[in-house]
Amino acid sequence: MRYLIISDVHANLTALETVLADAAEFDEIWCLGDLVGYGPNPNECVERIREFDHISLAGNHDWAALGRLDLSSFNADARTASMWTQTALSPEAREYLRSLPTHVEKDGFCMAHASPREPIWEYILDSNQAYANLEYFSASTCLVGHTHIPIVFEVDEQRRRCETRIPPFPDPLTLGSHRMIINPGSVGQPRDGDPRASYATLDSDTMTWEFHRVTYPVEITQERMRARGLPRRLVERLELGR
Ligand code: ZN
């Protein structure tokens with residue numbers, strides 16, 4: 001099976017469409033949460049992903065859009081965008097988001113939006129945090145999103161620590177020999193200084209993983225955000241990838 005691995009689409013339909021076209025052939029989508037929040041097209045992103053065989057997880061912004069989270073934990077811009085999303089969501093999109101699990105184990109993979117230890121909240125930003133999360137899943141590989149930064153934490157069993165590896169890599173990554181926590185990066189709001197949409201592909205027959213970046217028309221998303229009155233800082237950060 002060939003999987004398209006995406007996360008943190010954040011209602012950026014233009015980025016999502018570009019990724020779907022770029023990835024070309026896949027059997028199923030695994031979406032690691034935060035399909036909505038920040039961006040201008042929450043309903044369209046929900047509708048689009050539902051056209052495919054897929055697994056989709058709940059992220060903190062999905063919960064916020066449902067009123068399941070106390071928005072005081074968000075900064076002012078995120079709060080404004082979340083309140084707009086709450087009013088913009090269709091009943092169908094709301095019902096879909098409400099149905100999403102916070103974590104899933106499938107075909108030897110663990111998936112959680114934020115971390116296996118705290119599926120909605122924890123940001124896995126360094127190797128110590130990654131290592132501390134190993135006891136919270138039994139699969140060899142765990143896939144997470146949430147930080148919007150593509151990264152691999154690979155376990156070194158002998159030294160009892162994780163090595164951090166940051167793409168791009170010259171060759172596909174082979175999975176299974178060491179335990180790993182992998183983040184495919186964000187489709188709709190990258191934060192590693194590269195504004196291109198980030199995603200990954202996984203081939204479960206060869207157990208290989210590849211990171212991808214693709215340029216999308218950021219200005220279309222920005223124009224739609226302005227038209228909806230979304231915060232200027234959120235509009236501007238898209239072209240910076242920060
Ligand atoms: Zn996110």
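**Entry 1, conventions.** I am working with a predicted model, in which local features need pLDDT of at least 70 and side-chain atom pairs count only at pLDDT 80 or more, while totals for chains, interfaces and linings use all residues. Residues are numbered from 1 along each chain as its sequence is written, and side-chain values use heavy atoms, with hydrogens and water left out.

I looked up the radius of gyration, taken over C-alpha atoms, for which the globule rule is 2.2 Å times the number of residues to the power 0.38. For 242 residues a compact globule would come out near 18 Å, and the 17 Å of the protein agrees with that. Along the principal axes, the C-alpha atoms fill a box of roughly 55 × 35 × 30 Å.

For charges I took Lys and Arg as positive and Asp and Glu as negative, without His and the chain ends, placing each at NZ of Lys, CZ of Arg, CG of Asp or CD of Glu; the mean positions of the 24 positive and 36 negative charges are 6 Å apart.

Helices (H or I, at least four residues) and strands (E, at least two) are DSSP runs numbered from the N terminus, and I find 8 helices and 12 strands. Two strands pair if DSSP finds at least two bridges between them. Six strands form an open sheet of mixed pairing, in the order β3-β2-β1-β11-β12-β9. Its edge strands, β3 (54–56) and β9 (173–174), each pair on one side only. Strand β1 (residues 2–6) has 4 of its 5 residues buried, so it is largely enclosed by the rest of the structure. β1 runs antiparallel to β11 (residues 197–203) over 4 bridges, with Tyr-3 bridged to Leu-202, and parallel to β2 (residues 28–31), also over 4 bridges, with Ile-6 opposite Cys-31.

**Entry 5, a hairpin.** I then turned to β7 (residues 151–156) and β8 (residues 161–165), which are antiparallel and joined by 5 bridges, Val-152 being partnered by Arg-165. The hairpin has 4 residues between the strands, and Arg-160 takes a positive phi near 50°.

Leu-100, in the loop between α5 (91–98) and β4 (103–106), is buried at a relative accessible area of 9%. Not counting residues up to four places away in sequence, Leu-100 touches Ser-56, Leu-57 and Ala-58; the C-alpha atoms of Leu-100 and Leu-57 are 5.4 Å apart across 43 residues of sequence. Val-214, in strand β12, is buried at 11%, and its contacts beyond four places in sequence are Thr-18, Val-19, Asp-22, Arg-196, Ala-197 and Tyr-199.

How values were computed:
Buried < 20%, exposed > 50% of the residue type's maximum accessible area, 1.4 Å probe, protein only. Contact = heavy atoms within 4.5 Å.
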